[in-house]
Amino acid sequence: MTHADRTRHDAYHRAHRAPPDAVDGTGAVDAAVPAASPLPTLAELEAAAALVYAEMPPTPQYRWPLLEARCGCELWVKHENHTPAGAFKVRGGIVYLDALARETPRVPGIVSATRGNHGQSLGLAARRHGIPAAIVVPHGNSREKNAAMRALGVELIETGHDFQAASEAAAELARDRGWHRVPSFHRLLVAGVGTWALELLRAVPALDVAYVPIGLGSGLCGMLAAREALGHRCAVVGVVSAGAPAYARSLAAGELVTHDVTTTLADGMACRTPNPEALALMRGRVDRVVEVTDAEVAAAMRALFTDTHNVAEGAGAAALAALLGEREAMRGRRAAVVLSGGNVDADVYARVLAG
Ligand SMILES: Cc1ncc(COP(=O)(O)O)c(C=O)c1O
């Protein structure tokens with residue numbers, strides 16, 4: 001880190017202390033996170049970026065001719081599959097754990113719940129700080145994501161039938177052990193994950209529209225933060241799975257709406273209960289939200305492979321799926337999609353490629 005980076009970084013941490021415990025990923029918010037805290041500022045995003053770049057370089061954004069021909073527009077793919085955890089989540093864990101290690105130097109351990117990429121992010125950052133990490137996943141979670149977390153030294157606990165159940169178990173485990181409960185949505189995670197968008201918007205200043213998948217919303221809120229921080233004018237389209245439309249329904253209704261999850265392919269977007277803080281940040285800022293089916297996501301995974309030879313997991317291809325669904329309206333425009341992760345199990349991917 002340069003001296004300038006360090007100065008920004010210290011200022012950032014004076015302003016934003018890591019919470020003792022905050023959001024549990026199921027929508028419950030404690031006093032550490034004010035209901036209407038603003039989006040991270042440019043200074044916060046840049047300080048987060050300095051931390052991220054101590055662990056990884058910025059990811060590339062590429063134009064792929066075959067994919068552009070398929071989409072009928074100028075298309076930038078932001079390659080968040082090329083991070084040390086194969087997904088954009090890794091940026092959030094780096095920033096959150098840095099703050100935690102400063103605020104609670106003797107933290108005995110961390111606990112969180114995940115479908116996989118958040119857990120890999122925390123595993124990687126916890127290992128860096130020498131902090132034990134226990135991660136709770138639901139039964140039937142991705143085998144390869146589980147293996148990747150274990151390889152990072154994570155104590156993996158499988159319990160419950162969905163993320164919500166895993167999240168409740170994680171909260172209980174944190175209480176029992178006296179370990180720090182890392183939320184699945186938090187301002188520091190937004191600042192960290194938002195660095196992908198800062199890179200993209202600086203690299204493509206004349207972008208018309210960006211498509212961003214929504215799970216609990218840190219990726220989308222990070223994009224909204226970067227857009228606001230840079231005074232960028234691109235439209236931001238949130239993308240939910242039609243098999244997990246809770247955020248779309250909540251934004252349309254103007255209140256928090258829970259919805260059953262049926263997607264089997266977009267596990268990173270399998271949200272039943274939106275986070276109220278994330279909803280408040282999205283409201284009035286996200287230009288629109290579109291839904292994509294698992295079949296559309298599978299087609300987008302195939303397109304990414306055929307046209308670019310990149311592997312995308314379901315959530316990682318959702319942004320492209322949404323763009324393909326709006327192909328006519330986007331003709332001739334300058335668009336971006338984030339390939340937010342590539343961590344798909346081999347058997348699932350083989351089935352998808354076989355069509
Ligand atoms: C690959 C991938 N894309 C998108 C998302 C959704 O991100 P967020 O929860 O920040 O909305 C996730 C969440 O885990 C993910 O793993």
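Student: What makes both faces of β4 covered?

Tutor: On one side A133, I135 and V137 are buried, and on the other A134 and V136 are buried too. Five of the five residues of β4 pass, so the strand is largely enclosed by the rest of the structure.

Student: What should I keep in mind about the model and its numbering?

Tutor: This is a predicted model, in which local features need pLDDT of at least 70 and side-chain atom pairs count only at pLDDT 80 or more, while totals for chains, interfaces and linings use all residues. Residues are numbered from 1 along each chain as its sequence is written.

Student: How do you know that V237 is buried?

Tutor: V237 has 23 other C-beta atoms within 10 Å, so it is classed as buried. V237 is found in strand β8 (residues 235-241); a strand is a DSSP run of E of at least two residues, a helix one of H or I of at least four, both numbered from the N terminus. Leaving out residues up to four places away in sequence, V237 touches V209, Y211, D287, R288, V290 and A322, where contact requires C-beta atoms, placed from the backbone, within 7 Å. The C-alpha atoms of V237 and A210 are separated by 6.1 Å, although the two are 27 residues apart along the chain.

Student: Why are β3 and β4 called a pair?

Tutor: Two strands pair if DSSP finds at least two bridges between them. Strand β3 (residues 110-113) and strand β4 (residues 133-137) have four, in the parallel sense, so they meet that definition. Among the bridges, I110 is partnered by A133 and S112 by I135.

Student: What makes β5 and β6 edge strands?

Tutor: The open sheet of four strands runs β5-β4-β3-β6, with parallel pairing. β5 (155-158) and β6 (180-181) each pair on one side only. Helix α7 (residues 163-177) packs on this sheet, touching β3, β4 and β6, and its direction makes about 165° with that of β3.

Student: Why are α4 and α5 called oblique to each other?

Tutor: Their axes come within 8 Å and cross at roughly 40°, for α4 (residues 90-103) and α5 (residues 117-129). Under 35 degrees is roughly parallel, over 145 roughly antiparallel, 65 to 115 roughly perpendicular, and the rest oblique. The pair therefore counts as oblique. The contact residues include I94, L97 and A101 of α4 and L122, L124 and A125 of α5. By class, the contact has eight nonpolar, five polar and no charged residues. Nonpolar covers Ala, Val, Leu, Ile, Met, Phe, Trp, Tyr, Cys and Pro; charged covers Asp, Glu, Lys and Arg; the others, Gly among them, are polar.

Student: How do you know how α2 is oriented to α4?

Tutor: Helix α2 (residues 42-53) and α4 pack at an angle of about 100°, with their axes 9 Å apart. That makes α2 roughly perpendicular to α4. A48, L51 and V52 of α2 meet R91, I94, V95 and D98 of α4, a contact with five nonpolar, no polar and two charged residues.

Technical notes. Axes fitted to C-alpha atoms, helices over the stretch in contact; angles between N-to-C directions. Contact = placed C-beta atoms within 7 Å. Buried ≥ 20, exposed ≤ 12 C-beta atoms within 10 Å, placed from the backbone.
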